[in-house]
Amino acid sequence: MLISAALIAGTAALGAPTPTVLLQANEQGLDLIAVAGTILYPTRFAGGVFAATGSGIEGPRDLAGKHVGVPGIGGIIDVLTRKWVQATGID
């Protein structure tokens with residue numbers, strides 16, 4: 001729920017919570033939207049993230065200079081989000 005709270009508070013523009021956390025946030029009345037993608041291993045990468053309504057986040061290039069909330073540094077969501085952003089040439 002920390003990711004959802006950070007999105008609503010505006011301290012993160014984008015987060016990658018688990019689907020159950022997103023559903024719980026929705027049930028509690030939080031206005032979050034989902035940006036989704038798919039992943040095909042091992043040769044293609046496409047990802048998805050959740051962004052606050054009105055954040056202007058439409059793709060990985062929109063994350064430049066933004067804070068992104070993940071469940072754990074070095075976890076799968078952190079690593080795959082970094083790879084997704086780097087695949088578009090953003091450091």
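Helix H2 (residues 19-27) has three buried residues, Val-21, Leu-22 and Ala-25; buried means under 20% relative accessible area, exposed over 50%, and partly exposed in between, with a 1.4 Å probe and protein chains only. The buried residues of H2 pack against H1, S2 and S3, where contact means heavy atoms within 4.5 Å. Just after H2, Gly-29 takes a positive phi of about 90 degrees.

The structure is a predicted model, in which local features need pLDDT of at least 70, side-chain atom pairs count only at pLDDT 80 or more, and totals for chains, interfaces and linings use all residues. Residues are numbered from 1 along each chain as its sequence is written, and side-chain values use heavy atoms, with hydrogens and water left out. The predictor's confidence in each residue, pLDDT, runs from 0 to 100. Its mean for the protein is 79, and 85% of the residues reach 70 or more. Confidence is lowest in S3, at a mean of 79, and highest in H1, at 86. Where pLDDT is low, the predicted coordinates should not be read in detail.

The protein has three helices and four strands, and from the N terminus on its elements run α-β-α-β-β-β-α. Helices (H or I, at least four residues) and strands (E, at least two) are DSSP runs, numbered from the N terminus. Of the 91 residues, 34% count as buried. The accessible surface comes to about 5,800 Å², of which 58% belongs to carbon and sulfur atoms; areas come from the Shrake-Rupley method with a 1.4 Å probe, and for residues only the protein chains shown count as cover. Among contacts between residues at least 6 apart in sequence, 52% join residues at least 24 apart.

H1 (residues 2-9) contains Ser-4. Ser-4 counts as buried because its relative accessibility is 1%. Leaving aside neighbours within four places in sequence, Ser-4 is in contact with Val-21, Ala-25, Leu-30 and Leu-32. Val-21 and Ala-25 are among the buried residues of H2.

The four strands form an open sheet in the order S2-S3-S1-S4, with mixed pairing. S2 (32-35) and S4 (68-69) stand at the edges with a single partner strand each, so one side of each is left without a neighbour in the sheet. Two strands pair if DSSP finds at least two bridges between them. Strands of a sheet pair through backbone hydrogen bonds, either parallel or antiparallel. S2 and S3 pair in the antiparallel sense over four bridges, and Val-35 stands opposite Val-49 in S3. S1 (residues 14-15) and S3 (residues 49-52) are also antiparallel, over two bridges. Here Leu-14 has Ala-51 of S3 as its bridge partner, and Gly-15 stands opposite Phe-50.

In a regular strand the side chains alternate between the two faces of the sheet. Both faces of S3 are covered, with Val-49 and Ala-51 buried on one side and Phe-50 and Ala-52 buried on the other.

Helix H3 (residues 76-86) has Asp-78, Leu-80, Thr-81, Trp-84 and Val-85 as its buried residues, and these pack against S3 and S4. Thr-81 is buried, with a relative accessible area of 10%. Apart from neighbours within four places in sequence, Thr-81 is in contact with Val-49 and Val-68.

A search of the whole structure finds one salt bridge, defined as a side-chain nitrogen of Lys or Arg within 4 Å of a carboxyl oxygen of Asp or Glu. The side chains of Arg-82 and Asp-78 meet in a salt bridge at 2.8 Å, N to O. Side chains of opposite charge can pair when their charged atoms come close. Arg-82 and Asp-78 are separated by about one helical turn, because they are four residues apart in H3. Asp-78 is buried at a relative accessible area of 7%, whereas Arg-82 is partly exposed at 47%.
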